[in-house]
Amino acid sequence: MSHARTLWEEGHEPGYQIVALGLAVALSVAALDLARADRVTGLFDVAFVLVCVALALLVRPEDFFTVGVLPPLIMAGVFVLVAVAKPAAIAQPDDGLVQAVVSGLSTHAVALGVGYGLCLACLAVRRSYAAQSSG
C-alpha cells in the first residue's frame, strides 16, 4: 500500500538553499516593483508573504530553525540593498541609509508580521505532523 505524501511532508530542501532562494525571489520582486512603480509597493508585500510560506513548506525538518529566523532577515537585507541603490523607493529622498531601512521596515511591517507569522505557523504544523507520524 503506497502512502501519499501530504503537503506537510514534502519539504526536503537544505537550509542554505532556502536562504538563497528566499533572498533571490525577494530581491527579484523588489527589482520588478522598482522598475514598475519606482517604489516598493504592495506587490512586494504580497510576494513577500507568499515567499515566507513557500520557504516554510520547502525546507527540510532539520533546518526549521534557519527558516524560523529568516523572514525579518530577508526583508532587512532587501531594504538595505534598496536603500543603498535608491533610498527614495522606501523613504524620503534625503534620508540616510539607516533611516531609509527603518522607514522601509516600518512601512512594510504588516507584510513582515503576516509573512513571519504564517511562516512560523507552517513550521509548527509541519513539526506537529512529523511528531504524530513518527509516534
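In this predicted model, lysine 86 has a relative accessibility of 29% and therefore counts as partly exposed. Its side chain meets that of aspartate 38 in a salt bridge, with 2.0 Å from N to O, and aspartate 38, at 43% relative accessibility, is likewise classed as partly exposed. Because aspartate 38 lies in the loop between helix 1 and helix 2 (42-58) while lysine 86 lies in the loop between helix 4 and helix 5 (97-107), the pair ties together parts that are 48 residues apart in sequence.

A search of the whole structure finds four salt bridges, including these:

| Pair | N to O distance |
|---|---|
| Aspartate 38 and lysine 86 | 2.0 Å |
| Aspartate 33 and arginine 36 | 2.9 Å |
| Arginine 60 and aspartate 63 | 2.7 Å |

Aspartate 33 and arginine 36 are three residues apart in helix 1, which means that about one helical turn separates them; aspartate 33 is buried, with a relative accessible area of 0%, whereas arginine 36 is exposed at 54%. Arginine 60 is partly exposed at 31% relative accessibility, and aspartate 63 is buried at 14%. Salt bridges with shared partners join Arg60, Glu62 and Asp63 into one network.

Helix 1 (residues 15-37) and helix 4 (residues 70-85) pack with their axes 10 Å apart and at an angle of about 40°, so the two helices are oblique to each other. Their crossing is right-handed. By class, the contact of helix 1 with helix 4 comprises twelve nonpolar residues, one polar residue and no charged residues.

Note on methods: Residues numbered from 1 in each chain as written. Predicted model: local features only at pLDDT ≥ 70, side-chain atom pairs only at ≥ 80, totals over all residues. Heavy atoms only, no water. Axes fitted to C-alpha atoms, helices over the stretch in contact; angles between N-to-C directions. Helix = DSSP H or I, 4+ residues; strand = E, 2+ residues; numbered from the N terminus. Parallel < 35°, antiparallel > 145°, perpendicular 65-115°, else oblique. Left-handed = near helix turned anticlockwise from the far one by under 90°. Nonpolar A, V, L, I, M, F, W, Y, C, P; charged D, E, K, R; others polar. Buried < 20%, exposed > 50% of the residue type's maximum accessible area, 1.4 Å probe, protein only.
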